[in-house]
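Here are my notes from going through your model, written up as numbered points. Have the structure open while you read.

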Amino acid sequence: MNNIFEQMLARYDIKTNEQKRNVTHEVMQEITLAGLYRGGFFDKAAFYGGTCLRIFHGLPRFSEDMDFSLIEKDEKFDLESYFPSIIEEFKAAGRDVVITRKEKKKETKVESAFLKDDTAMYDVKFKTDKDIKIKIEVDIDPPLGFITEQKLSLMPFSFMTRCFTLPDLYAGKMHALLFRNWKTRVKGRDWYDFEWYVRHNIPLDFIHFQERSKEFNSMDIDKEMFTSMLKDRLVSTEINMVKRDVLPFVQNPKELEIWSNDYFLQLANRVNFL
C-alpha cells in the first residue's frame, strides 16, 4: 500500500513535471501544517499569505512559501522548538525531511520592504531530493489589528489551523503588492491574488493594512493615497513580466489572456473596503 504522502499526491491529476513539483510542494505544506498543529503552534500563531489562500480558500494557483504571524509579539519565540513535530509528521507520512535555517541577504529588508531583520526563515527539504523544498517564516513582532479563524484540514488527518480571515489576508496581500521591491523580477502572484479578491468581492480590512504600512514602512496611508499608490504601481509595471512570473503556478493559463495594465486599473476601482 502506498504511504500517506503518495496517497495525498494521488488526489491530483498530474500531467507535467511542473505540475508534479507544484503538487509536491502543496502536500509538503499540508504535512507541515499538521506537524505544527501537533506541536501546539497554532495556540500562538496564525497562517496567512498566498499559500493559506490556496489551501483553505481554493485559490486556483499553486504557492511555494508558508507565512505565519504570532498573534501577540514575542521576541523570544523559537520556531525551531516545533521542528521535531514537523519531522515526525513527515516520517509518519512516509518521507524524511531536514529543516535548515535560510540565510538572508544583507539587503533583504530593503528588497522585501516588509520582512524584518529578526524574521527567521527556514527551508524544509527532502533528505533524498533537496531541490524540492518549501520555505517557512514567522513574524515574531507582527503588526496587530487582525482577526483569525479556525479552518479545517482533512489530510493527513483532521485538524484545525488558525488562519487570518479573508479581509486580513487581503490586507497583507495589498501591502505586499504596493511595497514589495521587485527590482528586475515582478511577483505576478501578488497580482493574481489581488484579482481573486476583487472577483470574489472580498472586503479589504483597511485598518490592518494601515497597521502594516505604519510598522513596516513608517507610512500613514489613507484610502485616497492607497488608491493612488495602487494605480501607479498597476500602470507602471510591465504586464508581460507579471504574467511570466505567475504562469508556472496557474492551472489554467487562459485566465491570463485578459490581463493588461488597463484591466488591473479597472480592478482597482472595484476594491471593496471593510
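Predicted model: local features only at pLDDT ≥ 70, side-chain atom pairs only at ≥ 80, totals over all residues.

1. Searching the whole structure turns up 27 aromatic pairs. Take Tyr 37 and Phe 157: the ring centres are 6.1 Å apart and the planes make an angle of 50 degrees, so this pair is tilted. Tyr 37 belongs to helix α2, while Phe 157 is in the loop between β6 and β7, so the contact ties together parts that are 120 residues apart in sequence.

2. How buried or exposed are those two? Tyr 37 has a relative accessible area of 38%, so it is partly exposed. Phe 157 comes in at 17%, and because the cut-off for buried is under 20%, Phe 157 counts as buried.

3. Next, have a look at Phe 41 and Tyr 82, an edge-to-face pair with 5.3 Å between centres and 80 degrees between planes. Phe 41 is in the loop between α2 and β1, and Tyr 82 is in the loop between β2 and α4, 41 residues apart. Both residues are buried. They also belong to one aromatic cluster, whose members include Phe 42, Phe 47, Phe 56, Phe 68 and Phe 77.

4. Arg 54 has its charged end over the ring of Phe 62, 4.2 Å from the centre. Arg 95 lies over the face of Phe 5, with 5.2 Å to the ring centre.

5. On to the salt bridges, of which there are 16. Glu 30 pairs with Arg 11, their closest N and O atoms being 2.5 Å apart. Glu 30 sits in helix α2 and Arg 11 in the loop between α1 and α2, 19 residues apart. Glu 30 is buried at 11% relative accessibility, whereas Arg 11 is partly exposed at 42%.

6. Which parts of the chain does the Arg 61 to Asp 193 bridge tie together? The N to O distance is 2.7 Å. Arg 61 is in the loop between α3 and β2 and Asp 193 is in helix α7, so the bridge joins parts 132 residues apart in sequence. Arg 61 is buried, with a relative accessible area of 2%, and Asp 193 is buried at 0%.

7. Helix α7 also holds Arg 189, which bridges to Glu 64 in the loop between α3 and β2, 125 residues apart. Arg 189 counts as buried at 6%, but Glu 64 is partly exposed at 29%. Finally, shared partners join Arg 61, Lys 173, Arg 180, Asp 190 and Asp 193 into one salt-bridge network.

Conventions: Residues numbered from 1 in each chain as written. Heavy atoms only, no water. Phe/Tyr/Trp six-rings, centres within 6.5 Å; stacked < 30°, edge-to-face > 60°. Helix = DSSP H or I, 4+ residues; strand = E, 2+ residues; numbered from the N terminus. Buried < 20%, exposed > 50% of the residue type's maximum accessible area, 1.4 Å probe, protein only. Lys NZ or Arg CZ within 6 Å of the ring centre and 35° of its normal. Salt bridge = Lys/Arg side-chain N within 4 Å of Asp/Glu carboxyl O.
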